[in-house]
Amino acid sequence: MAGQSNVSTRLTPISVLRTSVYLLGVIFTLYTIYYAYSLFFIRLRYSNLFVGMGIALFYLDYVRGRYEAVEEIDGVAVDAPGTIDDDGGGDGDALGGLRSLVRRIDPFLALGLALLALGSAAYVELNFDRLFYDAPVVGYTSTDLLVGVALIALAIDATRRAFGNVIAAVAVGAIVYAHSLVGPSMPGVLRHTGMTWEQIARDGAIGLTGVYHDTLMGIGATWVAIFIMFAGIAKAYGLMEFVLEAGRELASSLRTGIVQIAVISSMIMGSITGSAAANTATTGSFTIPMLKDQDVRPDFAAAIEAVASAGGQMLPPVMGVAAFLMADIIGVPYVDVIRAGLIPAALFYFSVGVGVHLAVLKFGWTTERLTEFEPRVLLGGIHFTIPLGVLLYTLVVLRYTPLSAGMYTIFSIVLVVPARDLLVEGASRETAFETLKRTVDGLHRGGVEMAPLVGVLAAMGIIIELLTQTGLAQRVSTLIVGLGGGSLLVVLLLASVASILFGLGMPTPAAYILVVILVAPGVSAMGVPEITTHMFVFYFAMLSAITPPVAISVAVGSRIAETSFTRSCLQSLRLGAPGFVIPFAFVTNGSLIYWSFPATLLAFPLVLVGTVALIVATVGYDGSRALGYPHRTLYAALAFGAMFGPVVHVALQVAAAAAVLLLLTFANVGTDSRLPIPTRNQP
């Protein structure tokens, strides 16, 4: 036993790596919290050190993850990079040998890039005053430009490793497009005068733009980071376990079982994390097996989790990550964005809730093992309501910035949880140590969960800066307006399609920023109010996570559910159908965004009726029987009439449609018009 202990505790390269990741994660979070408390630098200078630490932490954690995965698969100890024999192919297979060589070198390369990130940030910090005040006038040195190139390469490579090739390819494409060898030879609206590599290095990074884009990185390093880190701390304190435990207890008392609880838990966690794919992977690893245990068909289980996770990003008060960017771009208080998103979020989640409820009833996935709900389960997490109350009070009542509100929320949870542990478990050295360990683990976890976003925010800053400098963003907006031919509907349709296409494979914040720069000005030019325009493109950027052919959230869910990606996409589109229509509804009914009396009181229930009717039409079930195409067509007509007609006419349309549906229903009385309820696994 003593020998085993000595082996497990000896100092090895992998143990040094794990310790480095842990300590840097804690420092990264504390640095962010301290800045929120003191504002000791201007935001741009703070962002530079944030970028260096964030990208370095990502690379170190990437290497750690690689080796822990190899340890788990091979069941062997790893003491140093490159000691595992990754067989990349058979003997004589040149391509396989090259792949094996790349895999062996990659950890060393990632470690070198981590050091490069720290070195580049240190260089910018030491030369910050010159780069900020003098260099734009007197020019940049060769070393400045090389550091700029290094920062651009780091941002693109970190994004590729964290989020795949899509955003990285767009960033590389933006650089190639901006270069003077390509730009002047492009056709039509794509043509521009071109930029030299020195100009690209300057505007892409070392000019304190691009990588340091004031909106993207400035907001990402403050407002976004503080909430991602709060989420990490809350998870370490057991928030996710409490949500799932309470959900399981509540599900045991509902006929539909765990289904609605899966929607609610994914919605809550998606709002905090701001990433549909990441939320599907985390909460889905719990909820999808539970759904399958209830005999929910695997493709529906994947779809339910994917749609709920994607929609969580529109749920106030946090609204994921993109809403923070929205408030800064528009230049309005964040509480205005919360108010604008509240009714659309209610419409979406009510329709999704109705949709999954009807699907469970239609296919007979109900549970008969009902037990009485035990309210005492909620007491296990009642202490989490205090930080939530602090968040709502500081954001909505005091109207603090999200940075300050997030800081006070973190302070409150760090005070409340130890106090709760002291009361529940008693004062002891073991309790104090365990609480302290969870707190430090939470600081580490918050930093590690934020680190991958640093690279993608930097890469998006490069893309936006170069597309703006080349004038492409302005020309695309003009083109959309021109193709619309003066029709708002056509412009909105073009904008929605563009938003989905630009968002395919991207996390919502990146997709939102890209479509806001390229698409939103064209919609605003048609007279649509600014917040409404941004909410419109935000919705479609969000929905790209469940839209084929990429549908990244569905892809993650279908892998967990071990089911067909194509079938899961089809069910996701059915359940999420109202989400594709709600943005058009709030453009038509502006009072859903800009609250007014009595317009909002009239429009909201009518549009709600429309969303429910639409989900009934797509699911093909009204709660008592399966519907044929005539009934489904009438429900669809009712939906569009309620969502898009003038308020006075809509009331008449709703009454008329309801009367027709009642007549059709009574016409079937006396005949067995019900379709047989399918078996549990029948499509």
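What is the relative accessible area of Gly-164, and does that make the residue buried, partly exposed or exposed?

Guide: Gly-164 has a relative accessible area of 27% and is therefore partly exposed (buried is under 20%, exposed over 50%, partly exposed in between, with a 1.4 Å probe and protein chains only). The model is a predicted one, in which local features need pLDDT of at least 70 and side-chain atom pairs pLDDT 80 or more, while totals for chains, interfaces and linings use all residues. Residues are numbered from 1 along each chain as its sequence is written, and side-chain values use heavy atoms, with hydrogens and water left out.

Gly-164 sits in the loop between α6 (142-163) and α7 (165-178). Helices here are DSSP runs of H or I with at least four residues, strands are runs of E with at least two, and both are numbered from the N terminus. Along the chain, Gly-164 and Met-506 are 342 residues apart, yet their C-alpha atoms are separated by 8.9 Å.

Val-332 is another loop residue, placed between α14 (322-330) and α15. With 21% relative accessibility, Val-332 also counts as partly exposed. Its C-alpha atom is 9.1 Å from that of Ile-531, a residue 199 positions away in sequence. Apart from neighbours within four places in sequence, Val-332 is in contact (heavy atoms within 4.5 Å) with Ala-327, Val-337 and Ile-531.

Gly-447 belongs to helix α19 and counts as buried, at 0% relative accessibility. Gly-447 touches Gly-25, Phe-28, Thr-29, Leu-57 and Met-229 when residues up to four places away are not counted. Between Gly-447 and Leu-30 there are 8.8 Å, C-alpha to C-alpha, for a sequence separation of 417 residues. Val-124, in helix α4 (residues 94-126), is likewise buried at 0% relative accessibility. Beyond four places in sequence, its contacts are Asn-48, Leu-131, Val-147, Leu-151, Ile-206, Leu-208 and Tyr-212. One of these, Val-147, lies 23 residues along the chain from Val-124, with 8.4 Å between the C-alpha atoms.

Helix α19 (residues 429-469) also packs against helix α22 (residues 508-518): their axes come within 10 Å and cross at roughly 10°. Axes are lines fitted to C-alpha atoms, for helices over the stretch in contact, and angles run from 0 to 180 degrees between N-to-C directions. The two helices are therefore roughly parallel to each other (under 35 degrees; over 145 is roughly antiparallel, 65 to 115 roughly perpendicular, and the rest oblique). On the α19 side the contact involves Val-456, Met-460, Ile-463, Ile-464, Leu-467 and Thr-468, and on the α22 side Ala-510, Ile-513, Leu-514, Ile-517 and Leu-518. By class, the contact has 10 nonpolar residues, 1 polar and no charged ones (nonpolar: Ala, Val, Leu, Ile, Met, Phe, Trp, Tyr, Cys and Pro; charged: Asp, Glu, Lys and Arg; polar: the others, Gly among them).

The largest nonpolar core has 210 residues, and those with the most contacts inside it are Phe-50, Met-450, Tyr-512 and Met-535. Such a core is a set of buried Ala, Val, Leu, Ile, Met, Phe, Trp, Tyr and Cys residues joined through side-chain atoms within 4.5 Å. Helix α15 (residues 334-363) gives the most to this core, with 17 residues. Tyr-512, neighbours within four places aside, is in contact with Ala-322, Leu-325, Met-326, Ile-329, His-534, Val-537, Phe-538 and Ala-541.

Some loops carry backbone exceptions. Most residues other than glycine have a negative phi, and most peptide bonds are trans. Leu-39 has phi near 50°, a positive value in a residue other than glycine, and is placed in the loop between α2 (13-38) and α3 (43-74). Arg-399, with a positive phi near 60°, is in the loop between α17 (385-397) and α18 (402-425). Phe-597 and Pro-598 are joined by a cis peptide bond, with omega about 5°; Pro-598 is in the loop between α27 (577-588) and α28 (599-619).

As for the whole, the protein has 30 helices and 0 strands, and 55% of its 683 residues count as buried. Of the contacts with a separation of 6 or more, 76% are between residues 24 or more positions apart. The protein exposes about 28,400 Å², with carbon and sulfur atoms supplying 67% of it; accessible areas come from the Shrake-Rupley method with a 1.4 Å probe, and for residues only the protein chains shown count as cover.
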